[in-house]
Amino acid sequence: QVQLVESGGGLVQAGGSLRLSCAASVLRFDYVMGWFRQAPGEEREFVASTSWIGGSTNYADSLKGRFAISRDNAKNTVYLQMNNLKPEDTAVYYCAAGFLTGSSFRGAFWGQGTQVTVSS
């Protein structure tokens, strides 16, 4: 198993920034890393993904320009930099390790999630 632990969530005012971290117990090159989020009453949605090797990235179209995913292989850690946060970004953010099937990312292992709340 791959254990994932998120951190960095919290309260922030609209227009502010947060940086989420996802620490993985092991680095597995066959897994793609990504972030999802789930707002109250809504389905979980894809945010961004990246690979340990190569560093290729993918983002939800609506988040391009505000969110950036990155990783530090030496620390087994993936980050999600969130800028110009909006109230609609309020959600529980989940880190995932999974696979890329076609253009879709499927999580196989999940973190417990970290709450991000953006006040208006």
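## T114 and its surroundings

Leave aside the neighbours within four places in sequence, and T114 turns out to be in contact with E6, S7, G8, G9, L20, A91, V92 and Y93. Keep in mind as you look around that this is a predicted model.

So where does T114 sit? You'll find T114 in strand 11, which covers residues 114-119. Is T114 buried or exposed? Its relative accessible area is 11%, and since buried means under 20%, T114 counts as buried.

## Strand 8 and its two partners

Now hop over to strand 8, residues 77-82. Five of its six residues are buried, so the rest of the structure largely encloses this strand.

Which strands pair with strand 8? One partner is strand 3 (residues 18-24), which pairs with strand 8 in the antiparallel sense over six bridges. Another is strand 7 (residues 67-72), also running antiparallel to strand 8 and joined to it by six bridges.

## The turn between strands 7 and 8

Strand 7 and strand 8 form a hairpin, with four residues between the strands. Which residue there takes a positive phi? That's N76, with a phi near 55°.

Terms used:
Residues are numbered from 1 along each chain as its sequence is written. This is a predicted model: local features need pLDDT of at least 70, side-chain atom pairs count only at pLDDT 80 or more; totals for chains, interfaces and linings use all residues. Side-chain values use heavy atoms; hydrogens and water are left out. Buried means under 20% relative accessible area, exposed over 50%, partly exposed in between (1.4 Å probe, protein chains only). Helices (H or I, at least four residues) and strands (E, at least two) are DSSP runs, numbered from the N terminus. Two strands pair if DSSP finds at least two bridges between them. Contact means heavy atoms within 4.5 Å.
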